[in-house]
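Let's take a look at a protein together, starting with its overall layout and then turning to its surface and its pocket.

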Amino acid sequence: MPTSVYIESIAVLEPYRHFGIGKKLLEHIVEQAKKSFIHEVTAHVWVEQPEVLEWYKKLGFEEEEKIENYYKEQKLDNPTAILIHRKF
């Protein structure tokens with residue numbers, strides 16, 4: 001039985017940002033996890049996107065660890081990711 005839900009990606013098109021759509025998507029993920037008796041959501045955030053990390057933190061996520069070369073296959077200049085989680 002799974003113990004965590006992993007968010008691969010949440011994206012909202014630029015013209016629709018700042019309307020709470022991403023927050024509603026995340027709340028839906030959390031509610032569905034609770035219904036399945038899962039009490040943690042995890043994701044990776046690219047270190048070059050501090051605004052994304054801050055968005056997740058505002059919604060109750062905490063930093064767990066930095067992972068070097070996580071995005072190595074994407075050939076990014078800085079392939080480091082931050083593993084984040086939210087327990088409920």
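Helices (H or I, at least four residues) and strands (E, at least two) are DSSP runs, numbered from the N terminus. This is a predicted model, where local features need pLDDT of at least 70 and side-chain atom pairs count only at pLDDT 80 or more, while totals for chains, interfaces and linings use all residues. Residues are numbered from 1 along each chain as its sequence is written, and side-chain values use heavy atoms, with hydrogens and water left out.

So what have we got? The protein has two helices and four strands, and along the sequence they come in the order β-α-β-α-β-β. The C-alpha trace spans about 40 × 35 × 20 Å along its principal axes.

Now pick out Tyr 16, which sits in the loop between E1 and H1. Tyr 16 is partly exposed, because its relative accessible area is 46% (buried means under 20%, exposed over 50%, partly exposed in between, with a 1.4 Å probe and protein chains only). Of the protein's 88 residues, 28% are buried.

Ala, Val, Leu, Ile, Met, Phe, Trp, Tyr, Cys and Pro count as nonpolar, Asp, Glu, Lys and Arg as charged, and the others, Gly among them, as polar.

| Class | Residues lining the largest pocket |
|---|---|
| Nonpolar | 16 residues |
| Polar | seven residues |
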